[in-house]
Amino acid sequence: MCGIVGYVGPREAEPILVDGLRRLEYRGYDSAGLATLTGDRLHLRKRAGRVGELTSFLQEQPAPGCVGISHTRWATHGAATDTNAHPHVAGTGANQVAVVHNGVIENYSGLKRQLEAEGIVFHSQTDTEVVAQLIAYHMDGDLLAAVRKVLKLLKGTYGLAAVSPQNPDQIVGARLGSPLVVGVGEGEHFLASDPSALIGYTQKVVYLQDRELCVLTGEDFHVYDDAEARVTTNVQNFDWDVGDSDKGGFPHHMLKEIFEQPETVAAAMRGRLDESDQTAHFGGLNLDPQQLRQAERVILTACGTSYHAGIVGEYLFEEFARMPVEVEYASEFRYRNPPIDRNTIVIAITQSGETADTLAALRESKRKGHRALAICNVVGSTIAREADGGVYLHAGPEVGVASTKAFTSQVTVLAMLALFFGRARHLSSLQGGRMIEELQALPDAVARALRCNDDVRRIAEKYHTATTMLFMGRQYMYPVALEGALKLKEISYIHAEGYPAAEMKHGPIALVDTDTPSIFLTPRGSVFDKVMSNLEEVKARGGPVIAIASEGDPRAADYVSSRADEVVFVPDVPEYLQPLVTAIPLQLFAYHTALLRGCDVDKPRNLAKSVTVE
Ligand code: AGP
């Protein structure tokens with residue numbers, strides 16, 4: 001999951017290439033580089049580390065030229081070193097070729113051996129250098145022709161860009177499996193892994209499809225399919241602007257995104273709650289009443305945080321639509337080949353819309369003839385474009401690698417979908433009306449939940465040195481426990497596990513001791529007493545307990561406070577909406593704990609925002 005940027009036009013390329021990389025750094029940040037052209041000279045600059053390392057190097061050795069490509073990396077092959085950083089250059093003099101690549105070339109070692117047998121020397125451990133060496137090997141004055149030849153030899157995924165002094169005024173790009181967009185400007189053109197890299201330069205983009213190539217010059221751009229035919233392109237408008245992806249005065253994108261949730265939850269509902277029919281409406285779901293009525297089963301498939309939102313969705317659909325639901329890890333679902341009934345709707349949940357396993361699960365479901373829908377945040381992303389229909393979150397760009405606002409927006413959309421499917425079945429208009437009222441009260445409840453920030457910071461100060469933590473919840477709180485554990489793992493590197501609270505007795509309780517804090521989700525509700533007995537079992541073994549409880553519930557205030565070492569109160573909302581308020585203190589706990597441990601909250605080690613390789 002790397003980030004690629006390209007520029008060709010009248011302006012100096014370097015500042016545009018670097019600015020774009022900064023916006024794409026959430027995609028991978030272990031090394032960065034760029035290559036520019038001035039006539040028959042290629043200028044290569046690359047460094048291990050963040051884009052910041054590259055910019056300091058460029059201050060010493062600027063890269064001149066109005067044509068260039070750049071890259072920020074998430075290593076798949078070869079460690080994060082200067083040599084393994086992209087671009088990879090092959091060939092000599094005017095025959096040089098520079099390549100940046102996002103994806104995995106699965107057959108690179110076989111191709112590499114063939115080239116080595118021809119006496120070609122490799123400098124890096126990467127799969128990408130094989131692509132550069134192959135293009136240089138096939139170069140004969142026409143970069144596009146050479147790239148075309150090479151793509152036929154590759155197995156795997158790529159979003160790639162290449163430049164060569166032999167064609168000093170052009171960039172060639174190609175896409176298979178990894179996202180790539182062309183940015184259309186006045187007398188200049190851009191290439192990027194996603195449109196957010198072009199914020200401030202152009203809002204006009206063309207999304208490349210799989211197996212398409214493009215050639216960009218200052219004046220023009222052309223797109224070809226893999227039969228070398230010109231493709232008529234559809235220029236779309238991309239409506240995110242500079243303010244959207246900056247920190248808005250917060251110290252980190254993650255904290256900004258946590259505090260955006262009252263607005264983003266409201267945005268997810270805007271124009272979708274119908275008080276006359278007491279149901280929800282979705283402009284892009286593309287499900288006719290017959291398909292809606294005939295649907296007998298729902299499969300929710302996703303990865304990471306989106307998968308946890310899917311588990312909340314399972315509870316919601318079963319409660320309000322009375323429909324059987326399976327929640328599937330996309331990486332397992334795509335290969336497991338489960339028998340699926342014909343009237344099954346598959347819904348892919350994804351913030352980025354580019355997660356490779358979720359995309360493959362969606363494609364597999366479509367190939368088997370199932371209605372394949374998507375809940376997605378990034379407009380125009382691959383999954384959004386390939387799904388039969390879907391719902392956008394409208395949460396705005398989520399830059400922090402640890403997903404926060406996307407989770408609460410996904411749960412909000414899943415609650416509205418459960419209302420929509422439910423109202424097409426047995427849910428009465430009265431019940432529908434009550435759900436609408438409760439949903440409309442959510443943004444305010446989420447805003448009140450954020451008031452626990454100082455309390456949570458104080459509790460993080462007390463427990464941030466722990467090496468293991470357990471998260472416990474039952475029913476709607478079970479997926480929230482999973483999500484809380486994931487957040488803590490991702491950004492503080494503390495080992496954490498989430499469990500259905502009763503499951504603890506079947507093993508995990510062995511981990512409990514005075515140094516292992518347990519976070520219990522104990523809001524008001526149908527299983528309050530049950531989860532409290534689980535809490536007591538941990539207390540009985542000396543385990544420190546932090547409880548998340550409902551405000552204004554006298555029993556909680558007395559009973560929970562008398563048992564737990566720390567209690568964080570969240571607004572009292574209906575049980576099925578509690579994931580939206582109880583997730584907040586867990587997001588903040590992970591944030592403050594990571595900060596206290598000196599971790600990079602927005603760019604945690606070994607992670608990237610969208611996982612475009614399997
Ligand atoms: C969550 O904080 C992580 N960034 C990761 O688990 C993420 O949820 C997962 O990669 C799925 O991403 P998606 O929603 O963009 O498909």
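Entry 1, Arg-334. I looked up Arg-334 and found it buried, at a relative accessible area of 17%. Buried stands for under 20% relative accessible area, exposed for over 50%, and partly exposed for what lies in between, with a 1.4 Å probe and protein chains only. I note that this is a predicted model, where local features need pLDDT of at least 70 and side-chain atom pairs count only at pLDDT 80 or more, while totals for chains, interfaces and linings use all residues. Side-chain values use heavy atoms, with hydrogens and water left out, and residues are numbered from 1 along each chain as its sequence is written.

I found a salt bridge from Arg-334 to Asp-357, with the closest N and O atoms 2.8 Å apart. The term asks for a side-chain nitrogen of Lys or Arg within 4 Å of a carboxyl oxygen of Asp or Glu. Arg-334 sits in helix H10 (residues 330-336) and Asp-357 in helix H11 (residues 356-367), 23 residues apart. I took helices as DSSP runs of H or I with at least four residues, and strands as runs of E with at least two, numbered from the N terminus. Asp-357 is buried too, at 13%.

Arg-334 also forms a salt bridge with Glu-614, and here the closest N and O atoms are 3.4 Å apart. Glu-614 lies in the segment after helix H20 (578-596), so this pair ties together parts 280 residues apart in sequence. I found Glu-614 exposed, with a relative accessible area of 55%.

I read a total of 31 salt bridges in the structure. One of them joins the side chains of Glu-260 and Lys-256 at 3.3 Å, N to O. Both Glu-260 and Lys-256 are buried. I also noted a network of salt bridges linking Arg-175, Asp-210, Arg-363 and Glu-386.

I used the term for buried Ala, Val, Leu, Ile, Met, Phe, Trp, Tyr and Cys residues joined through side-chain atoms within 4.5 Å. The largest core has 98 residues, and Phe-317, Leu-417, Phe-421 and Phe-589 touch the most other members. Helix H13 (residues 405-423) gives the largest share of this core, twelve residues. A second, separate core of 32 residues includes Tyr-108, Val-131, Val-147 and Ala-162.
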